[in-house]
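Reader: I have a structure open and I'd like to go through it. Can you take my questions one at a time?
Author: Go ahead.

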Amino acid sequence: MSVEQEGSPRLYQQIADRIANSIKQGKFGVGARLPAERELADQFEVSRPTVREALIALEIAGLVEVRTGSGTYVSPRARSKPPGKGAGKDAGPSAFEIVEARRGIEPSIAAQAAMRATKEDIKLITEALAEFERNWNGTHWEKLEADRKFHMRVAEASHNLLIVKILENLWTGMFGQIFAVLSQRTRLSNRQAMTMHDHYTILHCIERRDASGAYAAMTNHLVHVELTLLEKQQGDPQRRNRVSRK
């Protein structure tokens, strides 16, 4: 049962709507456990990350609840939810699409920064990195904001205003509900050591005017982010002990 992207800007929303309709039609009663991600992905002919985001959208909407180490279950609140579409309409942009887009442009941004950064640019990038370190034990949002500032300082060092605007738009999506839940569930915001190492490597390449090194370092960093988001989550017993934690 393939899914066409007609009538919805986000694929995960369509999957969320279809699962929600199955709940409303009684296919899954209150308290029933939903099929595993892999089964749903096969059923709808989409990727597991898309299904994962659909389930998060349903959780945000109050239709399902995640039980640690057990699975995803239909919430008692589902009875009071009106039928119809839009189960995940306020959940924000897809986290995986955001990271994919960032992988498409940020390595080139880092390379341009390595070629064009002024002493003042490098000073601002260094200060942003120091701010990230100061927020080591901060909230999810504080760490995310410090992370955003570092990446925006690198973009500004490219001296391309259009690139800065594009990246600003992508980072707005990073503060959406889908990314927040997925990040917290996979403990992405707690990977400070990994992020600090990656950021320092990017900065050192920019300082050395090493464009190819900066490109590779940014690529490596965003691959780390993507792999972390793909890791085992709470409530996904089939993935338990199958993904190593860094």
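**Around Val154**

Author: Leaving out neighbours within four places in sequence, Val154 is in contact with Ile109, Ala110, Ala113, Ile125, Ile206 and Met218. Contact means heavy atoms within 4.5 Å.

Reader: Before I go on, what sort of model is this?
Author: This is a predicted model, in which local features need pLDDT of at least 70, side-chain atom pairs count only at pLDDT 80 or more, and totals for chains, interfaces and linings use all residues. Residues are numbered from 1 along each chain as its sequence is written, and side-chain values use heavy atoms, with hydrogens and water left out.

Reader: OK. Which residues touch the most other members of the largest nonpolar core?
Author: Ile19, Leu58, Val154, Phe179, Ile206 and Leu229 do, in a core of 70 residues. A nonpolar core is a set of buried Ala, Val, Leu, Ile, Met, Phe, Trp, Tyr and Cys residues joined through side-chain atoms within 4.5 Å. Buried means under 20% relative accessible area, exposed means over 50%, and partly exposed is in between, with a 1.4 Å probe and protein chains only.

Reader: And which helix gives the most to this core?
Author: Helix α4, residues 95–116, with nine residues.

Reader: How many helices and strands are there?
Author: The protein has ten helices and two strands. Helices (H or I, at least four residues) and strands (E, at least two) are DSSP runs, numbered from the N terminus. Their order from the N terminus is α-α-α-β-β-α-α-α-α-α-α-α.

Reader: How much of the protein is buried?
Author: Of its 246 residues, 52% count as buried.

Reader: Let's do the strands. Which way do β1 and β2 run?
Author: Strand β1 (residues 64–67) and strand β2 (residues 71–74) run antiparallel, joined by four bridges. Two strands pair if DSSP finds at least two bridges between them. Val66 has Thr72 in β2 as its bridge partner.

Reader: What's between the strands of that hairpin?
Author: Three residues lie between β1 and β2, and Gly69 in this hairpin takes a positive phi near 70°.

Reader: Back up to α2. Which of its residues are buried?
Author: In helix α2 (residues 37–44), the buried ones are Glu37, Leu40, Ala41 and Phe44. They sit on the same side of α2, because they cover an arc of only 100° around the axis. The arc is that of the directions from the helix axis to the C-beta atoms.

Reader: Why would residues a few places apart share a side?
Author: An α-helix has 3.6 residues a turn, so residues three or four places apart point the same way.

Reader: What covers them?
Author: The cover for the buried residues of α2 includes α1 (11–24) and α3 (48–60). Glu45 follows α2 and has a positive phi, near 60°.

Reader: How many aromatic pairs are there?
Author: A search of the whole structure finds one. Trp141 and Phe175 are stacked, at 6.1 Å centre to centre and 20° between the planes. Rings of Phe, Tyr and Trp (its six-membered ring) pair if their centres lie within 6.5 Å; planes under 30 degrees apart count as stacked, over 60 as edge-to-face and the rest as tilted.

Reader: Where in the chain are the two?
Author: Trp141 is in helix α6 (residues 140–156), and Phe175 is in the loop between α7 (161–174) and α8 (177–185), 34 residues apart.

Reader: Last one: why is α8 called largely enclosed?
Author: Seven of its nine residues are buried, so α8 is largely enclosed by the rest of the structure. Among them are Ile178, Phe179 and Arg185. Just after α8, Arg187 takes a positive phi of about 60°.
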